[in-house]
Amino acid sequence: MISIFKTNIQSGVELSNISQHLNTLLSGATWSVDLSDSDKILRIDSSLDKISDAVSLLTKFGYNCENLQNFYAPPVW
């Protein structure tokens, strides 16, 4: 499942402050934040549904996190 979120993470410093927490929460998943995008997009590619967990984590640290899109991408063999 690929999930796309709009966030208000503004800098590499802010991203660095929450990276360890995201790595723990999203263990086994691939994630990234595009700080150059106006919507500061967080993209999560995971075999598990982590939508509510990701929103809760960012909210806990004072960030906005709005789920924009989810879709299932079957594995490439």
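**View 1. The hairpin of β2 and β3 carries a positive phi at lysine 40.** In this hairpin, 6 residues lie between the strands, and lysine 40 adopts a positive phi near 45°. Strands (E, at least two residues) are DSSP runs, numbered from the N terminus. The structure is a predicted model, in which local features need pLDDT of at least 70 and side-chain atom pairs count only at pLDDT 80 or more, while totals for chains, interfaces and linings use all residues. Residues are numbered from 1 along each chain as its sequence is written, and side-chain values use heavy atoms, with hydrogens and water left out.

**View 2. Strand β3 pairs with β2 and with β1.** Pairing of two strands requires that DSSP find at least two bridges between them. β2 and β3 are antiparallel and share 5 bridges; aspartate 34 has isoleucine 41 of β3 as its bridge partner. β1 and β3 also run antiparallel, joined by 4 bridges, and isoleucine 2 is partnered by aspartate 45 in β3.

**View 3. Aspartate 39 and lysine 6 form a salt bridge.** The closest N and O atoms of the pair are 3.8 Å apart, the criterion being a side-chain nitrogen of Lys or Arg within 4 Å of a carboxyl oxygen of Asp or Glu. A search of the whole structure finds 1 salt bridge.

**View 4. Aspartate 39 is partly exposed, as is lysine 6.** The relative accessible area is 27% for aspartate 39 and 34% for lysine 6. Partly exposed denotes values between buried (under 20%) and exposed (over 50%), with a 1.4 Å probe and protein chains only.
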